[in-house]
Amino acid sequence: MSLVLKNVSKNFIGKKAVDNISLTLDKPGVFGLLGTNGAGKTTTIRMLLGIIKKDSGEITWNGKTVERKNVNFGYLPEERGVYPKTKIFDQLMYFAELKGMKKQEAINSINKWAKVLKVEEYLQMPAEKLSKGNQQKIQFMTAIIHNPELVVLDEPFSGLDPVNTEILKNIIIDLVANGKYVIMSAHQMATIEEFCSDILILNKGKTVLQGNLKEIKESYPANRVEVDVNQNIDNYIKKFELEKENEKDNDYVIKINDEDVAHKLLNELVKDGIEINKFEIKKPTLNDIFIEKVG
């Protein structure tokens, strides 16, 4: 199976929202779709789901043109949308039936995911009685209840506490382990780095960076070093004319222009008998790269 977007564009009232983008998902995993607000991410997602029509290009899933009637996709939109006055169980049944599930099959799936997401006690409550985080978990259930082949998650962790974030992360890991294709759009770059092997960054509708995340990061020179020591080393930082980005309890993050300076700093610390718990030369983070590309 594979999802292919080839030279896809979309205009709205004379404005090009998506400009000739291409991407391919040809194996299970998590693909990161990134960009600032208004960059074209949601428009791209809606086109590949068949919600809106593209103006040009091709979108295929498993070799067939994507249309809403012939794809088995799941979608968690950024705009949350549960019905406040309706019982959670009834809403989930409604969405399951829209996806073509039979009644008993839907009931089994609802009970399964309610247990995994720890929302069993809320199934007979109206949505308005639930917290924002639990409402989000219910909407996540609507995206996966019908066992889709491709799952699109737009800001999946927004509004979740650390415990529920961990629950969702484990589910995403299991989805990939079970051969699912996942597209994730998020503003938390650390989350994208944790999950995504390949990324595409949009800026004003155009692709500004695309490819394997590890290879992209390896193409950049190191730009910082983390040093954890048992005493203050500000004098050493000044000696080598380095800039301290952050420091807490003698755990330093120091900006560097080249790795040679970092090695000189290390040699000096060792020579003077400074006890070093950690010394790590680091490549730019995805956050650094994102800011560079989109300004």
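Q: What counts as buried, exposed or partly exposed here?
A: Buried is under 20% relative accessible area, exposed is over 50%, and partly exposed lies in between (1.4 Å probe, protein chains only).

Q: Got it. What kind of model is this?
A: It is a predicted model, where local features need pLDDT of at least 70, side-chain atom pairs count only at pLDDT 80 or more, and totals for chains, interfaces and linings use all residues. Residues are numbered from 1 along each chain as its sequence is written, and side-chain values use heavy atoms, with hydrogens and water left out.

Q: Salt bridges, then. How many in the whole structure?
A: A search finds 14. The criterion is a side-chain nitrogen of Lys or Arg within 4 Å of a carboxyl oxygen of Asp or Glu.

Q: What does Glu194 pair with?
A: Lys169. Their closest N and O atoms are 2.9 Å apart.

Q: Is Lys169 buried or exposed?
A: Lys169 counts as buried, because its relative accessibility is 14%.

Q: Next one. Which residue bridges to Lys282?
A: Glu226 does, with the closest N and O atoms 2.7 Å apart. Lys282 lies in strand S14 (residues 276–282) and Glu226 in strand S11 (residues 224–229), so this bridge ties together parts 56 residues apart in sequence.

Q: Which residues make up the network of salt bridges with Lys282?
A: The linked residues are Glu226, Lys278, Glu280 and Lys282.

Q: What about Glu128, what does its side chain meet?
A: The side chain of Lys85, in a salt bridge of 3.1 Å, N to O. That pair also joins distant parts of the chain, 43 residues apart. Glu128 is in the loop between H3 and H4, while Lys85 is in the loop between S6 and H2.

Q: How accessible are Glu128 and Lys85?
A: Lys85 counts as exposed, because its relative accessibility is 65%. Glu128 is at 40%, so it counts as partly exposed.

Q: Where is Lys118 found?
A: In the loop between helix H3 (103–116) and H4. Lys118 counts as exposed, because its relative accessibility is 55%.

Q: And the phi of Asn62?
A: Asn62 is not a glycine, yet its phi is positive, about 55°. The residue is in the loop between strand S4 (56–61) and strand S5 (64–65).

Q: What does Asn62 count as at 47% relative accessibility?
A: Partly exposed, because 47% falls in that class.

Q: Last one. Where is Tyr94?
A: Tyr94 is in helix H2, residues 88–98. Its relative accessibility is 41%, so Tyr94 counts as partly exposed.

Key
Helix = DSSP H or I, 4+ residues; strand = E, 2+ residues; numbered from the N terminus.
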